[in-house]
Amino acid sequence: MHLEAKNVRALETILAQAGINKDPRTGALVSPVHFSTTYQHPEFGQSTGYDYIRTKNPTRSNLEETLAAIEYAKYALVTSSGMSAISLAFSLFPIGTKILAVRDLYGGSFRWFNQEQAAGRFDFTYVEREEELLAELKQGEYDVVYVETPTNPLMVEYDLPAIIQASHAKGAKVIVDNTFYSPIYQNPIKDGADLVLHSATKYLSGHNDVLAGVVITDQTELYEKLFYNLNTTGAVLSPFDSYLLMRGLKTLALRMERATENAQSVVAFLKSHPQVKEVLYPGKGGMVSFKIADPKKIPDFLNHIKVFTFAESLGGVESLVTYPTTQTHADIPAEVRESYGLTDDLLRLSIGIEHADDLIADLKAALEVCNGL
């Protein structure tokens, strides 16, 4: 929904006050959860602004206002999953749209892109590094540039202002997946991005109990098309999930700060361990990848962790370890994965808010098993 003018602009304050004072009739501090699927018209030809739940819902509207505010945008639309957010964003573009995308992507994004390309709806070209993207952009004609930064799972950072400026100079729209950094560490709309996406299942909700996505824009024309398409297709977020996501947002800044502190400690440990041959970390955030010296030992490692949980997903308060080869990126052909560095020796960590000493001790014990100790 459209962001109303606010006197308070600090990100932490907006997050902490997500959804409060939205029920003037009762004075409820917490945003009510409106489960009603339909809404009464006061009189013929009149509307309260809410008619049917697929179109608008008061709880969802409160959430969308907060999400727009923390990305410094005017509009946000929440969806039923991160993948439905991607699908909604690309619903703006006609068949034959040419898209320049970074190669290192979440496996689900690649799967959807590959499906769309195979069906002849979109034409994707992939690049592995920033300099390659900028060079390709100068030489080719593209309608959309799609960027994850940092990338998943190789943690490659891209210079968003440079990419956005170059893309707009060529008439291309820019879509940024901001899931890994969240608005705490990155605000692509402020850099000029046309659309920002999140798998809100991850850091925004932060508790591994909500499936959600969000599309954010500062452009009224794009918002109106997105709103129409979302109302038409119906992949909206339920009232209760909207409430849970709003509740999780309140601690986003604190969680990201703690996750970063923990990740930096974990990275220092991993870099010093003989069973680790490479650590991939952009310096902030809670996502860390590393390559183990002997990939045959990965099952032993995963079977001996106790504080970390071997599971898919990321961004929750609990620390997770993922093996992209068999989990999140299994749908990317092995030869494609290996061509850009996503090899079978790579593990991805989502660092949570536990005590760093316990996380390091857990990794140390599991790596000692790999070392035969």
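This is a predicted model: local features need pLDDT of at least 70, side-chain atom pairs count only at pLDDT 80 or more; totals for chains, interfaces and linings use all residues.

Visitor: Why is the meeting of arginine 111 and aspartate 331 called a salt bridge?

Guide: The label asks for a side-chain nitrogen of Lys or Arg within 4 Å of a carboxyl oxygen of Asp or Glu. Here N to O is 2.4 Å, so the pair qualifies.

Visitor: How many salt bridges are counted between domain 1 and domain 2?

Guide: One. The bounds, 11–251 for domain 1 and 253–370 for domain 2, come from an automatic or database domain assignment.

Visitor: What is the buried area between domain 1 and domain 2?

Guide: About 2900 Å², 62% of it on carbon and sulfur atoms. That's the accessible area (1.4 Å probe) that two parts lose on being put together, summed over both.

Visitor: Now α6: which of its residues are buried?

Guide: Leu160, Ile163, Ile164 and Ser167, in a helix spanning residues 160–169. Buried means under 20% relative accessible area, exposed over 50%, partly exposed in between (1.4 Å probe, protein chains only). A helix is a DSSP run of H or I, at least four residues, numbered from the N terminus.

Visitor: Why say that the buried residues line one face of α6?

Guide: Down the axis, they fall within an arc of 95°, so one face it is. The arc is that of the directions from the helix axis to the C-beta atoms. Turned away from the buried side are the exposed Gln165 and Ala169.

Note on methods. Residues are numbered from 1 along each chain as its sequence is written. Side-chain values use heavy atoms; hydrogens and water are left out. Helices (H or I, at least four residues) and strands (E, at least two) are DSSP runs, numbered from the N terminus.
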